[in-house]
Amino acid sequence: YTDVHIPDDIRAIVLLNLQTYGGGRDIWGLDNERNLARKGLQQPRKNDGLLEVIGFRNGWHTALVMGEVATQRVHGKRLGQ
């Protein structure tokens, strides 16, 4: 197990074992392997043995992600795996 730092501005946390959540929403978001590796993360896979820890800052942040109002660039804050 690994400790995950939760920033003070995070108001909600979601733990995922799948790529999608809440009716097919990709709250982890897309990123290339190099950027994720710099953060100690990897693209989620259903058989990687990891849980993705994702945070939301507030209700507006959650609404943008869950409503898919914006582009794929809007996602939850990746906290850890």
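**Confidence, salt bridges and a buried glutamate**

Among the elements of the chain in this predicted model, mean pLDDT (the predictor's confidence in each residue, from 0 to 100) is lowest in helix 2 (residues 59–66), at 81, and highest in strand 2 (residues 52–56), at 91. Helices (H or I, at least four residues) and strands (E, at least two) are DSSP runs, numbered from the N terminus. The mean pLDDT of the chain is 84, and 93% of its residues reach 70 or more. Local features need pLDDT of at least 70, and side-chain atom pairs count only at pLDDT 80 or more, while totals for chains, interfaces and linings use all residues. Residues are numbered from 1 along each chain, and side-chain values use heavy atoms, without hydrogens and water.

The count comes to 4 salt bridges (a side-chain nitrogen of Lys or Arg within 4 Å of a carboxyl oxygen of Asp or Glu). Asp31 pairs with Lys39 at 3.8 Å. Asp31 also pairs with Arg78, at 3.1 Å. Asp31 sits in the loop between strand 1 and helix 1, and Arg78 in strand 3, 47 residues apart. Arg78 is buried (under 20% relative accessible area; exposed is over 50%, partly exposed in between; 1.4 Å probe, protein chains only), at 12%. Lys39 is exposed, at 53%. Shared partners join Asp31, Lys39 and Arg78 into one network. Arg45 and Glu33 form another salt bridge, at 3.6 Å.

Glu52 lies in strand 2. Glu52 is buried yet has no salt bridge. The nearest side chain of opposite charge, Arg45, is 8.1 Å away. A polar contact (N or O atoms within 3.5 Å, one able to donate a hydrogen and the other to accept it; residues adjacent in sequence count only if both atoms are side-chain atoms) of 3.0 Å joins the side chains of Glu52 and Gln81.

Key: Lys and Arg count as positive and Asp and Glu as negative; His and the chain ends are not counted.
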